[in-house]
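Student: I'm new to this one and would like to learn how to read it. Could you walk me through it, feature by feature?

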There are 2 protein chains.
Amino acid sequence: MIDYLPGLLVLRMAALAACVVFASGALNVAAAEVAVGPKAKNFKLANGMDVVVIPDRRAPVVTHMVWYRVGSADEAPGSSGIAHFLEHLMFKGTEKIPPGEFSKIIAANGGQDNAFTSQDATAYFQRVSKENLPLVMEIEADRMANLRLDEKSVLTERDVILEERRSRVDNDPSSILNEQLMAALYQSHPYGIPVIGWRHEIAELDRSDALSFYSKYYAPNNAILVVAGDVDADEVKALAEKTYAKVKKNGKITTRARPKEPPHQAGVRLTLEDPRAGKATLQRLYIAPSYASAKEGEAEALDMLMKIAASGTTSRLYKKLVVEQKKAASAGGWFSGTGLDSGRLGFAIVVGGKTPIEDVERAMDDVIEEIKDKGVTQKELDRAREAYIADLVYSSDSQTRLAQRYGWAMATGRSVEAVEAWPERLKKVTVEDVNKVARTYFDLKQSATGYLLPTEKKATKSADDTRNGKS
Amino acid sequence: MIDYLPGLLVLRMAALAACVVFASGALNVAAAEVAVGPKAKNFKLANGMDVVVIPDRRAPVVTHMVWYRVGSADEAPGSSGIAHFLEHLMFKGTEKIPPGEFSKIIAANGGQDNAFTSQDATAYFQRVSKENLPLVMEIEADRMANLRLDEKSVLTERDVILEERRSRVDNDPSSILNEQLMAALYQSHPYGIPVIGWRHEIAELDRSDALSFYSKYYAPNNAILVVAGDVDADEVKALAEKTYAKVKKNGKITTRARPKEPPHQAGVRLTLEDPRAGKATLQRLYIAPSYASAKEGEAEALDMLMKIAASGTTSRLYKKLVVEQKKAASAGGWFSGTGLDSGRLGFAIVVGGKTPIEDVERAMDDVIEEIKDKGVTQKELDRAREAYIADLVYSSDSQTRLAQRYGWAMATGRSVEAVEAWPERLKKVTVEDVNKVARTYFDLKQSATGYLLPTEKKATKSADDTRNGKS
């Protein structure tokens, strides 16, 4: 709640501002525990709730998370934003906890709490000292079933969210570009609809929408408890029996099924002109598989591919566009592999100096085409893999990231075992695997390309702006 | 069933092949009865079914139509094509009528029958001699409530529809372009999903999908009976009391509510390259209001605007691009004003000779910008209005078109009175009204532009194809 912005939206916006940060963020979430990390234990409560415990004895603190297998892509048509709205409203209180007191209780006990909504999952986090774990589990289990909402506070919170949308999307040309690009990229799948929701739909959401979404999706058999820290599985199990295990399961929870994206016959392009934009920027998104949807080994190969192609200052894209050609002020790319139904390959480039944006795009495409035509080298793959694993080891130091990694996997239908076997699968990726996914998924037909151009404010738009990708 | 292709799809494809035909088709449907035409009477049955009777005594024949207020835009996400699939299955029979006999009975009695599915309505038509009207009403009322479907024939029909999709869309580059363009144009509203359905979703439809769609939407209180021909309202009423009035109403029918389209921040573009394409063609679509959604007078002004700008050989577009500049082999445009939630302005141009398609687009935009900047003239408006009314008078000669006009209006929430007052509203349109809608709705941000380029088949796609609107 302290940072109550929807997660994927945060990631997406980070991708625009600093795509390297995003790429690394994606790693942390998608990647598995490496050899050096602690091993997780998992079990199910009688009511169907999954529990994952990750021992981490370095300090007497714990990270407690509850993940729900529901996100913005599960919203009914016309109700965009309801998943995120409900996430806000989860802080309004229950019979036992007065409105607004949830975070105060955590803070009064020296802890921090947080929540986020993404396309596929909604999660609530707390970081507290070990002795406060029972308290946190009690109040989190309480709001899983006993949320109380009054009309007035719901409407007040709706205004908060409309303001959040205004400041984070509507006032930020990069965010608008990304939102428009996502909407253009997906023809049918709800990933094209923004996590925060369309403004006109947020404005219509009310208490009954929130409560019906809550009763449909918030239940122990649609949730995953992840506890990382100075505890063991037995302790967590005993506490869970006293708290979450008492929440009734919902017999109506079913496997999620969203419309599948049809194969595209043509890539799409759009140009956003905005006097508020700082520098011209270019974004390209391709639909690709995700860890949850890919054929064996493909997602790992895509991670290696994007590491080599575009992630970081040693990537081909950065070296070519920023260092050698000096056409870009920054250039990066990432593989978004955490989706339940599909993933994305993404590129974001800030144009350097006076280079025409079309030239920058051509230079980016040259890098991509070279990989498709000639492939990557064994040396590049080895270096990428090493760097990737180093990132994993480093990020495993963060208890929060460690817990997130398991939570995210479990929320999108992957298992603890799949997470932990991940480094082994990564080691098996070959140069040919990387080249094959490059040839398959760098497919312009499955892509959307967007330009953001800073412009002077002008009264009438000239017809000449409508061509050459400027529309 | 003889022509069982979904109506809007027919119209849409007609727009590609011969947009003048489309524009005239749109007129016939959207426009109202002019002074010379017969006046309709309408009433409601006790079970909520609307009835419209249009006397036309020229010959002893009648046109009988049942319109359902349901179309492809009412399909649940992931079930695209079910409205059209059910339309096919409606010919499979009831307890009284054996499978496949419906059309044979009509034909044996010297009649013709037909059906279509569009985004907003599904309709079943018969044209028979006057004395066969009781028979037609009896069997049409029967299949409103008593459809029988067996698994096997449902699966056989599904194959028929997959083949229909293959031949009419997948094998026709112009149709693919239009389908991709519609998908790119709409970010949220289901108008972006093809009426015939996405192939992978059609392939999953089954008997239970069809029956649940049928029981949800097919009911007298969601239907309109339109009878045009050698009858009067009393005769039709007496027959309807014996047939349709006996069908039970469905208490669960509600007003249709689809997701509203958010305001777009950038127009989209796409290029389809296809070796099967004959000539390079350009399409542009803009989201605009429809007769059902527009502010008073706007839709009428849009009809006049598109008549002046792009409909027919005397339009500005045709004269400039085809006659004067010889850049286009054909050029036309239309206003699709019949939608329940919104309409579209459309342009379709077949490139002439070796003119680069970008030049053709620029020439089209020059025509549009000139209208936005300098407006149309009183003389143009007068001439357009006269031609429009002449079209109406002419098309009112067709009993089918006359009946369609009322049926379409009633199916999208408009009244018989609105249809009949239409010529009066048309007469009130001023030059300023036309100029205002031109400035408002020729907005590239709310548009999608598509190129269809014939190409040689080649092994690898060059990176250079990805820019300048070619993606």
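Student: Let's begin with the overall make-up. How many helices and strands are there in chain A?

Tutor: Keep in mind that this is a predicted model. Chain A holds 18 helices and 11 strands.

Student: And what share of the residues in chain A is buried?

Tutor: Of the 471 residues in chain A, 56% are buried. Among contacts in chain A with a separation of 6 or more, 82% come from residues 24 or more positions apart.

Student: Which residues of H14(A) are buried?

Tutor: They are A:Glu380, A:Leu381, A:Ala384, A:Tyr388, A:Leu392, A:Ser395 and A:Ser396. Looking down the axis of H14(A), you'd find these buried residues within an arc of 130°, so they line one face of the helix. On the other side of H14(A), the exposed residues are A:Gln378, A:Lys379, A:Asp382, A:Glu386 and A:Ala390.

Student: What about backbone angles?

Tutor: As a general idea, most residues other than glycine have a negative phi. Now look at A:Lys326: its phi is positive, about 55°, although it is not a glycine.

Student: Where does A:Lys326 lie, and is A:Lys326 buried or exposed?

Tutor: A:Lys326 sits in the loop between helix H12 (316-324) and strand S9 (328-336) of chain A. With 11 other C-beta atoms within 10 Å, A:Lys326 is exposed. Over in chain B, B:Lys326 has a positive phi of about 55° too, and is not a glycine. You'll find B:Lys326 in the loop between helix H12 (316-324) and strand S9 (328-336) of chain B. B:Lys326 is exposed, with 11 other C-beta atoms within 10 Å.

Student: On to where the chains touch. How many residues does the contact take from chain A and from chain B?

Tutor: Chain A contributes 42 residues and chain B contributes 43 residues. On the side of chain A that touches chain B, the elements giving two or more residues are helix H7 (173-185), helix H8 (199-202), strand S7 (268-274), helix H13 (357-374) and strand S11 (447-454) of chain A. H13(A) gives the most, with six residues. By kind, that side of chain A divides into 15 nonpolar, 15 polar and 12 charged residues.

Student: How many bridges join S7(A) to strand S7 of chain B?

Tutor: Three bridges join S7(A) to strand S7 (residues 268-274) of chain B, and the two run antiparallel.

Student: Last topic, the nonpolar core. Which residues have the most contacts inside the largest nonpolar core?

Tutor: That core has 286 residues, and those with the most contacts inside it are A:Trp67, A:Ile349, B:Trp67 and B:Ile349. Take A:Ile349 and leave aside its neighbours within four places in sequence: its contacts are A:Thr281, A:Leu282, A:Leu321, A:Ala328, A:Ala331, A:Val360 and A:Met364.

Note on methods. Residues numbered from 1 in each chain as written. Chains lettered and ligands numbered in written order. Predicted model: local features only at pLDDT ≥ 70, side-chain atom pairs only at ≥ 80, totals over all residues. Buried ≥ 20, exposed ≤ 12 C-beta atoms within 10 Å, placed from the backbone. Helix = DSSP H or I, 4+ residues; strand = E, 2+ residues; numbered from the N terminus. Arc of directions from axis to C-beta. Contact = placed C-beta atoms within 7 Å. Nonpolar A, V, L, I, M, F, W, Y, C, P; charged D, E, K, R; others polar. Pairing = 2+ DSSP bridges. Core = buried A, V, L, I, M, F, W, Y, C linked by C-beta atoms within 7 Å.
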